[in-house]
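Subject: Structure handover

Hi,

Here is the structure I promised. Please open it alongside the notes that follow.

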Amino acid sequence: MVLDCDPGHDDAMALLLAVADPGVELLGVTTVAGNQTVEKCTVNARRVLSLAGVSDVPVARGADRPLVRPLRIADDVHGETGLDGPLFDGDPEVPEAATTAAELMVDVLAKRHEPVTIVATGALTNIATLLADRPDLHANIEQIVWMGGSTERGNVTPYAEANCFVDPEAADQVLRSGVPFTMCGLNVTHQALVTDDVLAAFAGIGTPLARICVEWMTFFASTYRRLWGFTAPPLHDPVAVARVIDPAIVRCVDANVVIETAGEWTAGATVVDLHQYTGRPATARVAVELDTTAYWTKLVDAIARID
Ligand code: BDR
Ligand code: CA
């Protein structure tokens, strides 16, 4: 898998799951502007891999802004660094790759003998650019699994989820590409709530990394409480990784999904036809249900596996 992300507290946990689960071979990490600037998101991705002791996975920087819109960051949710909470000294050990995100993805897709899954946990800017520039590589992509969108309402506007809202044109292009696409939206990630029991399970691991994870999730809990009144925050992004590790954890249905790019009040909305009102063909697999017990077991086991 290649993980395209904008860390981000939940992206950080998705990265750790991808790094540590035995079912994943992580071939590269690419970053995109979203939760914070791409510079900060890239430092954060390097930080997470450094904390996990992973030095053999390249981290490459991607798009610094959406395809056509100005960048809107989520510092209200993720803080000034994009990964606020615990403080770290100095630059992370894991370096930034000399290649761009686009070059890294092309390299991985062209060299692998089998199709590669791309998991995206931010705006789809890098992926849209890749698909537009290299139609010859579409067949080398097994599937794109995205945390984004919603079958219901949004979290930054009444109808738009943040990753879609940042770059609706990119999401639209990716959906139109015909590459197999799975959408893990808010309707399912809001089932992944970091309750006190979940937090206690992470704390019980007792390693320095697990303590950092608890601090990240505690920070995330504070912003979700303040901004949305959640009593426990939803840990969105690892849901997309979990879907790849074990599809049974995230039940999906096929549906027509289109992206609203022109709506005056609804730009970035994912219009999901779960009930076949439109008669349009399915364009995506859409996540509808999370096995929360299996999900948290996967995540806790993954963090516990990292010394
Ligand atoms: C998504 O937005 C970001 O803030 C999170 O990292 C997640 O990818 C949830 O809407
Ligand atoms: Ca994210």
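Start with a helix pair. Met-13, Leu-16, Leu-17 and Ala-20 of α1 meet Lys-298, Leu-299, Ala-302, Ile-303 and Arg-305 of α12. Contact here means heavy atoms within 4.5 Å. Helices (H or I, at least four residues) and strands (E, at least two) are DSSP runs, numbered from the N terminus. By class, the residues of this contact divide into seven nonpolar, no polar and two charged. Nonpolar covers Ala, Val, Leu, Ile, Met, Phe, Trp, Tyr, Cys and Pro; charged covers Asp, Glu, Lys and Arg; the others, Gly among them, are polar.

The model is predicted: local features need pLDDT of at least 70, side-chain atom pairs count only at pLDDT 80 or more, and totals for chains, interfaces and linings use all residues, while side-chain values use heavy atoms, with hydrogens and water left out. Residues are numbered from 1 along each chain as its sequence is written, and chains are lettered from A and ligands numbered from 1 in the order in which they are written.

Confidence next. The protein has a mean pLDDT (the predictor's confidence in each residue, from 0 to 100) of 98, and 100% of its residues reach 70 or more. Helix α3 (residues 75–78) is lowest, at a mean of 96, and strand β5 (residues 141–147) is highest, at 99.

Back to the first pair. The axes of α1 (residues 9–20) and α12 (residues 292–305) come within 9 Å and cross at roughly 70°. That makes α1 roughly perpendicular (65 to 115 degrees) to α12. Axes are lines fitted to C-alpha atoms, for helices over the stretch in contact, and angles run from 0 to 180 degrees between N-to-C directions. The crossing is left-handed, meaning that the near helix is turned anticlockwise from the far one by less than a right angle; clockwise is right-handed.

Now Phe-202. This residue sits in helix α9 (residues 196–203). Phe-202 is buried (under 20% relative accessible area), at 0%. Leaving aside neighbours within four places in sequence, Phe-202 contacts Met-13, Ala-210, Val-214, Met-217, Trp-296, Leu-299, Val-300 and Ile-303. Its C-alpha lies 9.2 Å from that of Asp-301, 99 residues apart along the chain.

One more pair. Helix α4 (residues 101–111) packs on helix α5 (residues 125–133) at about 55°, with axes 10 Å apart. α4 passes α5 in a right-handed crossing. Ala-101, Met-105, Val-106 and Leu-109 of α4 make the contact with Asn-126, Ile-127 and Leu-130 of α5. Those residues divide into six nonpolar, one polar and no charged.

Best wishes

Key:
Angles under 35 degrees count as roughly parallel, over 145 as roughly antiparallel, 65 to 115 as roughly perpendicular and the rest as oblique. Buried means under 20% relative accessible area, exposed over 50%, partly exposed in between (1.4 Å probe, protein chains only).
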